[in-house]
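Please look at the structure first and then read on.

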Amino acid sequence: MDDVQALATGASLADVAKLQAWFSPSFPVGAFNYSHGLEWAVEAGDVRTAASLRAWIEGVLRFGSGRSDAIIVCATWRAVRSRDWSTACEISSLAAALQPTAERRMESVGQGNAFLGAVSAAWPHPVLQHFRESCPGETALPVSVGAAAAAHGLPLEPVLVAFLHAFAANLVSAGVRLVPLGQTDGLKVIAALEAAILEVTDKAVRAGIEDLGSAGILADIASMRHETQYTRLFRS
């Protein structure tokens, strides 16, 4: 029991069960449809090996949307936990507006709406319902995650680790199919990204919404290029 609680970083076993369900590859948000611009990076030759796949995803985590989304999860979690609906709605609008390309907006908002709907249906909670009524319309994924986690009282750090791990694992899965790479190479990349996930989590918890910013320029350009890519497996 003590080992399980330590691994959960303060989360209860019920919390761990929710996180495993919400961030499972089978959770119905359609994550497998999106490559976050990685498909263009492979097409352009920027990602050709397991090492370059790791470097690409680590850059997105540390300097791109991984970092920004983690900060948004934290800000939303705090606003919903304190029942500050005005701030929660402002963050929600900002998160949707921050998307640098049409496809990235579709990726975040599409998954966010699906995540919020799925959690509300299977794990209904009056606080989450109040959030949906107070902030109607399209909701970016990190906002949905922060709101759902706060409503159900999930501790912030484990939520961030699960959220970032799921994001990274989905990109690794896309890379394994696109490059292509073997499953073992994919697992090695996921293992190598653990340090980045934990570091981004630690920094995001200490950051505020005013610390938002991105230096993931190549990933943003890849997303723009993907919009007109001739042959595509992914929607982004």
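In this predicted model, the side chains of Arg 62 and Glu 58 meet in a salt bridge, with a distance of 2.8 Å from N to O. Both residues belong to helix α4, which spans residues 50-63. Arg 62 and Glu 58 are four residues apart, about one turn of the helix. Glu 58 has a relative accessibility of 18%. Because buried means under 20% relative accessible area, Glu 58 counts as buried.

This pair is part of a network of salt bridges that links Arg 54, Glu 58, Arg 62, Glu 199 and Lys 203. In total, the structure holds eight salt bridges.

A second salt bridge to consider joins Glu 138 and Arg 105, whose closest N and O atoms are 3.0 Å apart. This pair links distant parts of the chain, the two residues being 33 residues apart. Glu 138 sits in the loop between α8 (126-134) and α9 (141-151), while Arg 105 sits in helix α7, residues 102-122. Glu 138 is partly exposed, at 43% relative accessibility. Arg 105 is partly exposed as well, with a relative accessible area of 34%.

Another pair is found in helix α12 (residues 194-206), where Asp 202 and Arg 206 lie four residues apart, about one turn of the helix. Their side chains meet in a salt bridge of 3.2 Å, N to O. Asp 202 has a relative accessible area of 39% and is partly exposed, whereas Arg 206, at 67%, is exposed.

| Salt bridge | Distance between N and O |
|---|---|
| Arg 62 and Glu 58 | 2.8 Å |
| Glu 138 and Arg 105 | 3.0 Å |
| Asp 202 and Arg 206 | 3.2 Å |

The remaining topic is the packing of two helices. Two packed helices are described by the angle between their axes and the distance between the axes. For helix α5 (residues 65-81) and helix α6 (residues 85-97), the axes come within 8 Å and cross at roughly 160°. Angles over 145 degrees count as roughly antiparallel, and α5 and α6 are therefore roughly antiparallel to each other. Their crossing is left-handed.

On the α5 side, the contact involves Ile 72, Ala 75, Thr 76, Ala 79 and Val 80. These meet Trp 85, Thr 87, Ala 88, Ile 91 and Ala 95 in α6. The residues of this contact divide into eight nonpolar and two polar, with no charged residue.

Note on methods. Residues numbered from 1 in each chain as written. Predicted model: local features only at pLDDT ≥ 70, side-chain atom pairs only at ≥ 80, totals over all residues. Heavy atoms only, no water. Axes fitted to C-alpha atoms, helices over the stretch in contact; angles between N-to-C directions. Parallel < 35°, antiparallel > 145°, perpendicular 65-115°, else oblique. Left-handed = near helix turned anticlockwise from the far one by under 90°. Contact = heavy atoms within 4.5 Å. Nonpolar A, V, L, I, M, F, W, Y, C, P; charged D, E, K, R; others polar. Salt bridge = Lys/Arg side-chain N within 4 Å of Asp/Glu carboxyl O. Buried < 20%, exposed > 50% of the residue type's maximum accessible area, 1.4 Å probe, protein only.
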